[in-house]
Amino acid sequence: MKKIREVKVSKITKLSANFKIVTFTGDDLNDFPTLKNGGYIKLLFSEKPLDLNYQFVRPFTIKNFSREKLELEILFTNLQSSSGLASKWSQKIKINDKILISGPGSNKSLSLLSKWYLFIGDFTALAAISVYLKNLDEKSRGLAIIEIKSKKDKIELEKPVNFEIKWVLSSKVNNFSQYKNKLQNITWLSHQPSVWAACEFELMKKLRNFLIKDKKILKENIYISSYWKKGLDQEEHKIIKKKDFQKWES
Ligand SMILES: Cc1cc2nc3c(=O)[nH]c(=O)nc-3n(C[C@H](O)[C@H](O)[C@H](O)COP(=O)(O)OP(=O)(O)OC[C@H]3O[C@@H](n4cnc5c(N)ncnc54)[C@H](O)[C@@H]3O)c2cc1C
């Protein structure tokens with residue numbers, strides 16, 4: 001079982017209209033493992049604070065971890081419309097607030113063979129994409145398509161020089177067609193890219209279909225995952241995600 005650690009909020013940095021970085025610290029981070037490409041932790045929630053018999057877990061990407069400073073950074077999206085535990089908690093967050101976390105779990109490593117990468121993700125995947133871009137070989141090339149809620153969320157990302165970032169603005173009508181437009185308007189090289197994608201469940205299924213059927217990308221060159229599902233909480237989402245994954249793998 002993954003170790004449970006108590007951490008407290010030491011810094012809150014507003015990055016843009018809908019993103020903020022929350023820095024957690026605490027002695028429990030002394031032996032926190034450093035993973036390639038960051039990985040993720042789970043915030044643990046219960047009816048009472050710091051309850052080891054927690055009932056709810058919410059995964060969040062590790063944007064940065066410094067062993068020297070014992071600092072762990074998480075990028076939170078502002079989900080004002082959500083009544084979810086993590087959303088409500090992160091909106092009210094203040095310095096010295098404490099929470100239990102478990103993890104880290106590791107993020108999927110990308111095949112480094114192609115040196116041509118395609119990252120696709122909504123606002124919940126921005127942290128993961130930013131960590132991958134930062135860690136890629138400087139000679140790598142590719143494209144990241146990232147969905148944001150407002151033009152004001154276009155933040156500067158550390159990336160290899162030959163990497164392009166395309167922003168998609170969230171739409172209530174059809175997010176998929178926006179991603180599809182961006183994907184259709186890029187220059188596809190003769191060899192296959194390594195694809196990494198994460199977003200809302202229904203969008204993930206449409207993107208997966210498009211990448212495989214229309215773009216003929218081989219399954220082994222694609223890592224695609226849903227990070228949440230409209231209308232379902234994370235416990236409910238996890239169940240359908242698992243079923244979908246088993247079908248996709250079979
Ligand atoms: C591996 C992994 C890494 C992740 N990393 C990050 C990260 O770095 N930053 C980040 O912000 N999120 C991240 N997420 C997504 C995050 O875990 C979910 O958004 C989480 O469910 C929110 O919890 P909640 O308690 O607020 O809402 P829940 O209780 O899970 O859901 C309550 C309601 O809110 C809705 N909801 C949940 N998430 C969203 C959303 N993103 N947008 C709109 N409505 C939503 C649900 O559909 C439901 O109706 C990650 C998910 C995974 C699986």
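Which residues that surround the ligand are the closest? In this predicted model, where local features need pLDDT of at least 70, side-chain atom pairs count only at pLDDT 80 or more, and totals for chains, interfaces and linings use all residues, the closest are Arg58, Pro59, Ser87, Lys229 and Gln234. Residues are numbered from 1 along each chain as its sequence is written, and side-chain values use heavy atoms, with hydrogens and water left out.

In total, 23 residues surround the ligand; a residue belongs here if one of its heavy atoms lies within 4 Å of the ligand. This shell divides into 11 nonpolar, 8 polar (Gly among them) and 4 charged (Asp, Glu, Lys and Arg) residues.

The table lists polar contacts, that is, pairs of N or O atoms within 3.5 Å.

| Residue | Protein atom | Distance to a ligand oxygen atom |
|---|---|---|
| Alanine 86 | backbone N or O | 2.8 Å |
| Glycine 231 | polar backbone atom | 3.0 Å |
| Glutamine 234 | polar side-chain atom | 2.7 Å |

The protein covers 89% of the 910 Å² of accessible area that the ligand has on its own (Shrake-Rupley method, 1.4 Å probe).

Strand S4 (56-66) gives the largest share of the shell, 4 residues. Strand S5 (71-77), helix H1 (85-92) and strand S11 (222-228) each supply at least two; helices (H or I, at least four residues) and strands (E, at least two) are DSSP runs, numbered from the N terminus. Because domain 1 (4-105) and domain 2 (116-249) both contribute residues to the shell, the ligand lies between them; the domain bounds come from an automatic or database assignment.

Methods. A polar contact is a pair of N or O atoms within 3.5 Å; within protein, one must be able to donate a hydrogen and the other to accept it, and residues adjacent in sequence count only if both atoms are side-chain atoms.
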